[in-house]
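Open your viewer and get ready to click from one residue to the next. Each stop below gives you something to select and tells you what is there.

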Number of protein chains: 2
Amino acid sequence: MSSFEVVSQSMSFAGPLPLRSGAALSDYSLAYETYGTLNADRSNAVLVCHALNASHHLAGVYAGQPKSEGWWDNMIGPGKPLDTDRFFVIGVNNLGSCFGSTGPMHTDPATGRVYGADFPVVTVEDWVDAQALLLDALGIDALAAVMGGSLGGMQALSWTLQYPQRVRHAVVVASAPNLTAENIAFNEVARRAIVTDPDFHGGHFYEQGVIPKRGLRIARMIGHITYLSDDVMNEKFGRELRSAVEGELAGTAYRYSTQDVEFQIESYLRYQGDKFSEYFDANTYLLITRALDYFDPAREHGGSLTEAFAKATAKFLLVSFTTDWRFSPARSRELVKALLDNRRSVSYAEIDAPHGHDAFLLDDVRYMGVVRSYFERVAAELTA
Amino acid sequence: MSSFEVVSQSMSFAGPLPLRSGAALSDYSLAYETYGTLNADRSNAVLVCHALNASHHLAGVYAGQPKSEGWWDNMIGPGKPLDTDRFFVIGVNNLGSCFGSTGPMHTDPATGRVYGADFPVVTVEDWVDAQALLLDALGIDALAAVMGGSLGGMQALSWTLQYPQRVRHAVVVASAPNLTAENIAFNEVARRAIVTDPDFHGGHFYEQGVIPKRGLRIARMIGHITYLSDDVMNEKFGRELRSAVEGELAGTAYRYSTQDVEFQIESYLRYQGDKFSEYFDANTYLLITRALDYFDPAREHGGSLTEAFAKATAKFLLVSFTTDWRFSPARSRELVKALLDNRRSVSYAEIDAPHGHDAFLLDDVRYMGVVRSYFERVAAELTA
């Protein structure tokens, strides 16, 4: 439980911000939060990038909202592995998101209409460019570190390639140098579920007063399956039947229904899907999964990750989790190899954790210990 | 390419057939096919059970339809591993299917209305009961072997438990003693996609003149991801962009779109989804995935598979494939252990194949060789 309070901030930019798609964004704003204090020589800033459904609200709570803890509150705060007593930590909500920064539900200044599906496609590289402009505005030239998990890790990787001179360390957790065909396939099914929901209206559902909740529910259910390991699902749910109060047979006998909930895992997935469909924007889901699909720094180097990382100068900590089948340890090892090929400084921890991809958000003594140690080293460099 | 012709047959039953759900089916019919010749002492019959989207049309072609090859034509036929020159092979379409046997699109004799979602929930055990009644009608008391892959393998397993005295051998390929939480989860997402499609109309879409194609497409796309291995998807599609003819950049540059096809894997999945939605019945999909979910012979033995298989007397061949993450080799090994605990005769082959769950339908020299050898042994017992 976090006890410190934080305030969500916003900064406006006139733009235009040129995007990889060829489009540009004007009159946009970025929601962000900061934690800790920037030191006198402005050298202790750590940027933390978020993944699919998270935001700039990394840690702490909002005043009067004791349950509003940030999504990485176990990692970031006073005395935490990323210690805000030592570092000035910055969280930024990415463009296209639905948590404060300019996104599909905002008004396009060029047309006066809500963007909807016309919000330009954004890439990891575009996000990093926008984050760099925010740092400029905050007067931060170089980062002590950039950190992220999953899609956030891709942004951290991209920082070391787009702005190598501005990053001293990159902490990349449960990430990958690109998506596999299977990863793309899961994203595509989720997108098709959203796009083919009759309430999607080609992405302009806001003006119809509806939300494509059916599609969002399916998308989230698929996502949840890929975030967890087979092991942890068996341990947590197994073949347990739904525990219900309405009847003697509840929990012990099949009901023989194709549409009612029969197993606990079904109840869990439906609940997660329902919850998600209440707060997440459908167009944002499309944009963020596409940013995942497109990320592939080796692409413009003929597929050579080693060549791609020749320009990186940061030191790296990479962490992966043994049961993560979404972004498996093998994918992190590809990154380690590419960095070693370039004689970069790399620390790599492969954590034996049962929780699958979700492990990067959970407490694990070894994982937290590795990150804590690494940031102690980063802090020592600051004071040296 | 198969050159022999086969005829689809049908047999009607007055019933009632009591079902595990407590319901019963009256006035139902089973579509079936036979291959080869039943020998004089009626001892060479082999029943082949089908999986999710297959049927009783195992092998051969229909007259005048050269492309109508059965789904296991590489396995079954004259001179094939399951040799129809030696065995009398029977394929039966399961109740609730949409390929000939009584199912949701047929008329309920009790109401005079199309069953739709009111078709009773059927289980693997119910299917086996119905198959046994068909064998009775065909005058076949005991099977030389029962064989199946995936859900078909579950039926083969259940035969050895429900009618141990009628089965001499069971050939169980790429199967499992029950579904894991993850398996159920994938089924549930597919079912939710179908049920929440506005064109599903609570399962009574026939009378509305519509088909819940959106849901069927999503269901099939999810299915396809789980049938293939990560490896084979990477090899077959990788991150290749869609090959198109309309433009110089086709296949080499991103289009930057969230809704258009960008990667080959997306094109493949959409095609598979579209094709499936044209021919597969939505209610059948719900019924068959539920039959998968419910199968769990250890359940009534306090979870002990060893106790469950105490009543089996058949000899077994089990086959699994190393890259099958849907029904992994570990699941087959559970079965092997339960059978060995009961001192049953078990042969087990773990085939190193790259194709994931789909491998059970594909040609693989070692796989085909193992099955061929096993059936040679079964044939030798017949003539001994």
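The tour visits the annotated active site, then the interface between the chains, then some salt bridges.

**Before you start**

This is a predicted model, in which local features need pLDDT of at least 70, side-chain atom pairs count only at pLDDT 80 or more, and totals for chains, interfaces and linings use all residues. Residues are numbered from 1 along each chain as its sequence is written, chains are lettered from A and ligands numbered from 1 in the order in which they are written, and side-chain values use heavy atoms, with hydrogens and water left out.

**Stop 1: the annotated active site**

Select A:S150, A:D324 and A:H357, which an unreviewed UniProt entry annotates as "active site". The three are spread over 208 residues of sequence, yet they cluster in space, with a largest C-alpha distance of 10.7 Å. UniProt positions follow the numbering used here, feature names are shortened, and annotations may be inferred rather than shown by experiment.

Zoom in on A:H357, in the loop between β12 (346-351) and α10 (365-383) of chain A. Helices (H or I, at least four residues) and strands (E, at least two) are DSSP runs, numbered from the N terminus. Is A:H357 buried or exposed? A:H357 counts as buried because its relative accessible area is 2%; buried means under 20%, exposed over 50%, and partly exposed in between (1.4 Å probe, protein chains only).

Now display the side chain of A:S150: a polar contact of 2.8 Å joins it to the side chain of A:H357. A polar contact is a pair of N or O atoms within 3.5 Å; within protein, one must be able to donate a hydrogen and the other to accept it, and residues adjacent in sequence count only if both atoms are side-chain atoms. Leaving out residues up to four places away in sequence, A:H357 also touches others, including A:T226, A:Y227 and A:D324; contact means heavy atoms within 4.5 Å.

Move on to A:D324, in the loop between β11 (315-321) and α9 (329-341) of chain A. A:D324 is buried, at a relative accessible area of 1%. A polar atom of its side chain lies 3.0 Å from the backbone nitrogen of A:R326. Beyond four places in sequence, A:D324 touches A:A174, A:P329, A:G356 and A:H357.

**Stop 2: where the chains meet**

Color the two chains separately. Chain A and chain B each bring 60 residues to the contact. Between them they bury about 5,100 Å², 62% of it on carbon and sulfur atoms; buried area is the accessible area (1.4 Å probe) that two parts lose on being put together, summed over both. In chain A, select A:R239, A:Y256 and A:T258: these lose the most area to chain B, together 14% of what that side buries.

Which polar links cross the interface? The rule finds 28 residue pairs in polar contact there (both at pLDDT 80 or more). On the side of chain A that touches chain B, the largest share, 11 residues, comes from α3(A).

Next, pick B:R239, in the loop between α5 (230-236) and α6 (264-279) of chain B. B:R239 counts as buried because its relative accessibility is 16%. Its side chain makes a polar contact of 3.1 Å with that of B:Y254. Apart from neighbours within four places in sequence, its contacts include A:N178, A:D293 and A:F295 across in chain A.

**Stop 3: salt bridges**

A salt bridge is a side-chain nitrogen of Lys or Arg within 4 Å of a carboxyl oxygen of Asp or Glu.

Select A:E266 and B:R191, whose side chains meet in a salt bridge (2.8 Å, N to O). A:E266 lies in helix α6 of chain A and B:R191 in helix α3 (residues 181-195) of chain B, so the pair joins two chains. Both residues are buried. Then find B:E266 and A:R191, another salt bridge, with the closest N and O atoms 2.9 Å apart.

Finish within chain B, at B:E278 and B:K213, which form a salt bridge (3.1 Å, N to O). This pair links distant parts of the chain, helix α6 and helix α4 (residues 213-227), 65 residues apart. B:E278 counts as exposed, at 56% relative accessibility, whereas B:K213 is partly exposed at 23%.
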